[in-house]
Amino acid sequence: MITFYPGPSKVYSQIGDYMQDAFKSGILSVNHRSPECVEMVRNTINLLHKKLDIPADYSVYFISSATEAWEIIAQSLVKENSFHVYNGAFGKKWFEYTQKLIPGAKGYAFGLNENLANLSAEIRSAGSEAEVICITQNETSNGTQVLVNRQKIAQNQESLIAVDATSSMAGITFDWTQGDIWFTSVQKCLGLPAGAGIMICSPKALKKAEETGENKHYNSLLFIHENFAKFQTHYTPNVLNIYLLNRVLEEIQEISYISDKIRKQADDWYSFFENSSFKTSLLVENNTVRSDTVIAVKGDEELIKTIKNQSKTAGITLGNGYGDWKNNTFRIANFPAIDLLEIEKLKNTLVQILG
Ligand SMILES: *Cc1c(COP(=O)(O)O)cnc(C)c1O
């Protein structure tokens, strides 16, 4: 079965062998504070810095999921007000989860086809009080993305910028300096089994964590940081996933190379649909806000059902629509672990179904 689901998504084909290697190496039974484990964590963090081009002064932490990052930010970096700018289901959920912890959290919803750059003045003024401004770089639910730009979002120099990059990190390049907290889960662009997350913090974010001084939770940011200063974790981590992450990072190209490839593949996907005579349309009409890593295609409910079923018969799983777009869209992951032959096969299958 070939899968284009945007998370959990196709794992790298080498994962089966790596899992065997992990078992044979004995690392799965090793204490997480032992020298072997500490060395693996240290090495994996180094590889993340190197392969993803993360600034040396940004700290990298292993957590359980992207959802946990939402909570860590609300607990440890916000005292009274965060500001959530969103246009889809994940950004909205982040806002709603935060509101439970921070009643003063504010939201700003923008339209599917609106470009954040054009809303800059409004957003800057609406979020001028915010301690943290929260944006979803790639909205997995509807296939849009935003360019993270500190000046365009934040009026107040003190505001931190938190970026949910769950379905784009390790797929495309970022200017990391435009954000203070970045996070992802490993089951999207990293092509790993689900069950681990990565959180990256700027020195400015750490300074704010110190000011806030929040230390009430096992996953309070200061406590996480103390542990990672020794390349240890604040709980017994998913050692298998760290091992797999390590092996995948050793294997993959640097992010600039991956990003060029992913962006070109995305262009190809969009022209494939635009130049077709299919009775489908691209969900996102404004081509300046279309995602590079998740392509959303719209059509009649019946047609969408047919496309998904017939693709399944051909051995291909498409991503279901999500939230508001559950029944009238399908999604195609454009993640690095998916290879060209699989993409060709899906294109041929779509031509057969729709041509
Ligand atoms: C998948 C996803 C999440 C949630 O990831 P979990 O691993 O389930 O916590 C959050 N935000 C975005 C944008 C996502 O795509």
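Which residue in E15 stands opposite alanine 296?

Mentor: Alanine 296 stands opposite arginine 331 in E15. The model is predicted, so local features require pLDDT of at least 70 and side-chain atom pairs pLDDT 80 or more, whereas totals for chains, interfaces and linings use all residues. Residues are numbered from 1 along each chain as its sequence is written, and side-chain values use heavy atoms, without hydrogens or water.

Helices (H or I, at least four residues) and strands (E, at least two) are DSSP runs, numbered from the N terminus. Strands pair if DSSP finds at least two bridges between them. Strand E12 (residues 294-298) and E15 (residues 329-333) run antiparallel, joined by five bridges. Strand E14 (residues 319-320) is also antiparallel to E15, through two bridges. Here glycine 319 has arginine 331 as its bridge partner in E15.

Serine 281, in strand E11 (residues 281-282), counts as partly exposed because its relative accessibility is 37%. Leaving aside residues up to four places away in sequence, serine 281 touches Val297 and Lys298, where contact means heavy atoms within 4.5 Å. The C-alpha atoms of serine 281 and aspartate 300, 19 residues apart along the chain, are separated by 9.9 Å.

Elsewhere, an open sheet of seven strands with mixed pairing has the order E2-E10-E9-E8-E5-E3-E4. Strand E2 (59-63) and strand E4 (106-109) stand at its edges, each with a single partner strand, so one side of each lacks a neighbour in the sheet. The twist averages 20° from one strand to the next; axes are lines fitted to C-alpha atoms, for helices over the stretch in contact, and angles run from 0 to 180 degrees between N-to-C directions. Within this sheet order, E9 (residues 181-185) and E10 (residues 197-201) pair in the antiparallel sense over five bridges, with isoleucine 198 in E10 as the bridge partner of threonine 184. Helix H4 (residues 89-101) packs on the sheet, touching E3 (82-86), E4, E5 (132-136), E8 (160-164) and E9, and its direction makes about 160° with that of E3.

Helix H8 (residues 221-228) lies across E2 and E10, at about 105° to E2. Leu221, Leu222, Ile224, Asn227 and Phe228 are its buried residues. Their cover includes helix H2 (35-52), E2, helix H3 (66-76), E10 and helix H7 (203-212).

Helix H10 (residues 255-274) and helix H12 (residues 340-354) pack at about 10°, with axes 12 Å apart. From H10, the contact is made by Gln265, Asp268, Trp269, Phe272 and Phe273; from H12, by Leu340, Ile343, Leu346, Lys347, Leu350 and Val351.

Methods: Buried means under 20% relative accessible area, exposed over 50%, partly exposed in between (1.4 Å probe, protein chains only).
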